[in-house]
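Okay, thanks for making time, everyone. I'd like to walk you through one model today, starting inside a chain and then moving out to where the chains touch.

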Amino acid sequence: MRPFKGRDVISVLDFTREEIDYILDKADSIMGLASENPDMLKGKVMAILFFEPSTRTRVSFETAMKRLGGATVDMSEPRRTSIQKGENLTDTIRVVDNYVDVIVIRHPLEGSARLAAEVARNPVINGGSGAEEHPTQALLDLYTIRKEKGRIDGLKIAFVGDLRYGRTVHSLSMALSNYDVKLYLVSPELLRMRREVVEYTSKRIPVEEVDDLDEIIEEVDVLYVTRIQKERFADVSEYMKVKGSYRITLDHVKRMKEDAIIMHPLPRVDEIDYSVDRTPQAKYFKQVYYGLLVRMSLLALILGAVE
Amino acid sequence: MRPFKGRDVISVLDFTREEIDYILDKADSIMGLASENPDMLKGKVMAILFFEPSTRTRVSFETAMKRLGGATVDMSEPRRTSIQKGENLTDTIRVVDNYVDVIVIRHPLEGSARLAAEVARNPVINGGSGAEEHPTQALLDLYTIRKEKGRIDGLKIAFVGDLRYGRTVHSLSMALSNYDVKLYLVSPELLRMRREVVEYTSKRIPVEEVDDLDEIIEEVDVLYVTRIQKERFADVSEYMKVKGSYRITLDHVKRMKEDAIIMHPLPRVDEIDYSVDRTPQAKYFKQVYYGLLVRMSLLALILGAVE
Amino acid sequence: MRPFKGRDVISVLDFTREEIDYILDKADSIMGLASENPDMLKGKVMAILFFEPSTRTRVSFETAMKRLGGATVDMSEPRRTSIQKGENLTDTIRVVDNYVDVIVIRHPLEGSARLAAEVARNPVINGGSGAEEHPTQALLDLYTIRKEKGRIDGLKIAFVGDLRYGRTVHSLSMALSNYDVKLYLVSPELLRMRREVVEYTSKRIPVEEVDDLDEIIEEVDVLYVTRIQKERFADVSEYMKVKGSYRITLDHVKRMKEDAIIMHPLPRVDEIDYSVDRTPQAKYFKQVYYGLLVRMSLLALILGAVE
């Protein structure tokens, strides 16, 4: 296993299964380690460089850094800054790289995080690039499954909703292909998962595309729900029809296995009914906490505070 | 007295007089305690969740947390975030609650802070909700009076200006009703204090509504001035007439008791003439510093760093 | 030499050459001191009060404070805050002054930083005021020259580009007039340096105004490049002509002394060709790092953490 210290985190494909499991193991103990040594990252500074808004991901990273004793600087308002004056991404990265110890970047263009990592001497973490990659979300999703189901191997996992535009499901399906799982892709025709992701994943694990949630609801161990956005449809009536079919209600929960779990990357709008929140299957808020642990684990490893 | 650790701070009515005095006593010593133990809140994180802009309140809370060794994460730009995507307040609170140890919320709707406190497992502090409540402002106002006058009981206190729309005076008049004070409400007819607040307060302490500042200026111990906003008046000429009548000048100060004090929640526009700043009665900038002490006191108590 | 503790930093003219050298000497050792004592500024809080956007300067100051163990509060979004409600600068400073230990201000109006320093009891650092002063930039420019050339005295230094509107070159030329240097001012007629700055500087050191970069390119030790903005020209064709003449390419580098250095305050648009970045003469990204060291040095001195 390559050492984690100084590594970039751009794609889930940058990590072997062994490395992923190592990061998740470390997440199990990181809060305890931070309590024992709250100065673990004292004097270290992380830059947040977000070219797209994202409260959730930003605050998760910031809190992770701060709970380890580190500090953060936020550069996430590009409209008001040097970007406006025409500076290119490479120059921006070179400048930030001189200030901090680690950079978290989120950018609407594919490849931007990879470019940043090539330019920067310090480690770069991809906080979401284009529609393709969101590696720390995939890691926290794996961690949630492992914590709540006790294992990942042997599970039947369904992705439901918009599988085409959500970077979360792309990164997660690639990450899951390291494990012995069966994957169901449940979506309307228009929002099918991108071909290249299906191809990559289906070479390594069984993948089945399904139209109807009812076909698999009783069978799955993990139901991973994503939001369907109205803007994706040319015709609103088409959207209204589709939307209802992939909306999770108490009725679905009753038909699920008792120990199945429901996940969601959040924010949720109404694709999961609020009544579901009170069921034992609902794990999407715990998922948030697990995300904090995984990001603490990653930061501590990459900055060399733990091995 | 109920322990403070883990308590929410939503309304001044959540505290007994004994509890309020305890918080103010702690404010007397908190800066010394923080110097002795600057790591008092090390490893703790506070979320700022402001749905309305407020530099003053935000920075006061942030500085309080940081002077105690804690960290903060700012979520106060709702337009750029998940809120935009349609997430409801309950979900937002549940997410934040997974990251941090205490949440400070400011929201334009009545009841929102209370709702947040019900949803969150961690303590919630109301940083201003609707036009009704601003409990930490009321506490710092009480503290200012106590520090500058040596006591609260026995004083004559006048509120001047817009008593209808200012949440500051609502919270403060309820808080003052715990003490043996006489309250004068000095405002134009249109900006009289809300009936329910007058009713609550006047059952407990003597309250007198007055049109004319001149009637009480020589008598009061505390003059609490608030801003009159032009937007409240349909007729600008009406505004211009009223505005002048409640504007504090050197002439007023000369007629006040020598040891009377002038307070203002700030920001001030021109309702107190700048020449007044140099008089010994002017305490509105000291009030800012007292606010820092009171918020440090509250955070240390609620997070269990002091008893 | 006056003690640094508690001093304001408004203009480079506030410092003698001896004091400037002292700050730069301290910058040499500050990163080591911070490693030995990462709690140097623990419990201290710095306010960022920027009335103009500037990622670079803001993040440089924030990182400097945090690497010394201090904390920061950001007040740099004036549109959303009390300013909007009509509060004047004096009141804003008085409020902030009650919260923090040091204030960094950036303001579009001349004299605003000086005013802030007069109002505040705590030290004020000018992060750029109007078109005239940017003292910390001047100090970091001096430091870059000293580090990369081993000395400042005896050098030939050329400023190239827009010398009229750039506050960087104004502060730097005044700072350089403390040293035994020769200064070339290379710019189009329209963007000549302001008369008062030339007069001040040329009384103390030799200053020569030059139209053509080619006249001095082979001779200089330091080439300090600034950006020419299209908006400064009434006629775009005039801009296009001028722009090309002051754009640094590999061809210029080849004609420079082997040990000459190229500096730029950044952000760079296209006034230095990207191919120049890879030459040993290019020091503009190292300059960024030196800025961090100089700001750490200043903060540690002013807050009394080092002597």
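Two strands count as paired here if DSSP finds at least two bridges between them. Helices (H or I, at least four residues) and strands (E, at least two) are DSSP runs, numbered from the N terminus. Before I use that, some housekeeping: this is a predicted model, where local features need pLDDT of at least 70, side-chain atom pairs count only at pLDDT 80 or more, and totals for chains, interfaces and linings use all residues. Residues are numbered from 1 along each chain as its sequence is written, chains are lettered from A and ligands numbered from 1 in the order in which they are written, and side-chain values use heavy atoms, with hydrogens and water left out.

So, the sheet in chain A. V45(A) sits opposite A71(A), which belongs to β2(A). As a reminder, strands of a sheet pair through backbone hydrogen bonds, either parallel or antiparallel. Here we have an open sheet of 4 strands in chain A, paired in parallel, in the order β2-β1-β3-β4. At the edges, pairing on one side only, are β2 (71–74) and β4 (124–129) of chain A. On average, neighbouring strands are turned by 15° against each other, direction ignored. For angles, axes are lines fitted to C-alpha atoms, for helices over the stretch in contact, and values run from 0 to 180 degrees between N-to-C directions.

What lies across this sheet? α2(A) lies across β1, β2, β3 (102–107) and β4 of chain A, at about 175° to β1(A). Contact, by the way, means heavy atoms within 4.5 Å. Then there's α3(A), residues 89–99, which packs on the sheet, touches β1 and β3 of chain A, and makes about 155° with the direction of β3(A).

Now, chain A against chain B. They bury about 2,400 Å² between them, 50% of it on carbon and sulfur atoms; buried area is the accessible area (1.4 Å probe) that two parts lose on being put together, summed over both. On the chain A side, T55(A), R67(A) and F285(A) lose the most area, together 23% of what that side buries. In residues, that contact takes 26 from chain A and 24 from chain B.

How many salt bridges cross between chain A and chain B? The rule, a side-chain nitrogen of Lys or Arg within 4 Å of a carboxyl oxygen of Asp or Glu, finds 4. One to look at is D39(A) with K42(B), at 2.8 Å, N to O. Which elements of chain A give two or more residues to this side? Those are α2 (55–67) and α10 (284–302) of chain A, and α2(A) gives the most, with 9 residues.

Chain C against chain A is next. About 2,400 Å² is buried there, with carbon and sulfur atoms giving 51%. T55(C), R67(C) and F285(C) supply 23% of the area chain C buries against chain A, more than any other three residues. There are 4 salt bridges between chain C and chain A. D101(A) and R67(C) meet in a salt bridge, at 3.0 Å, N to O.

Last one, inside chain B. E62(B) and K66(B) form a salt bridge, with the closest N and O atoms 4.0 Å apart. Why about one helical turn between them? Because E62(B) and K66(B) are 4 residues apart in helix α2 (residues 55–67) of chain B.
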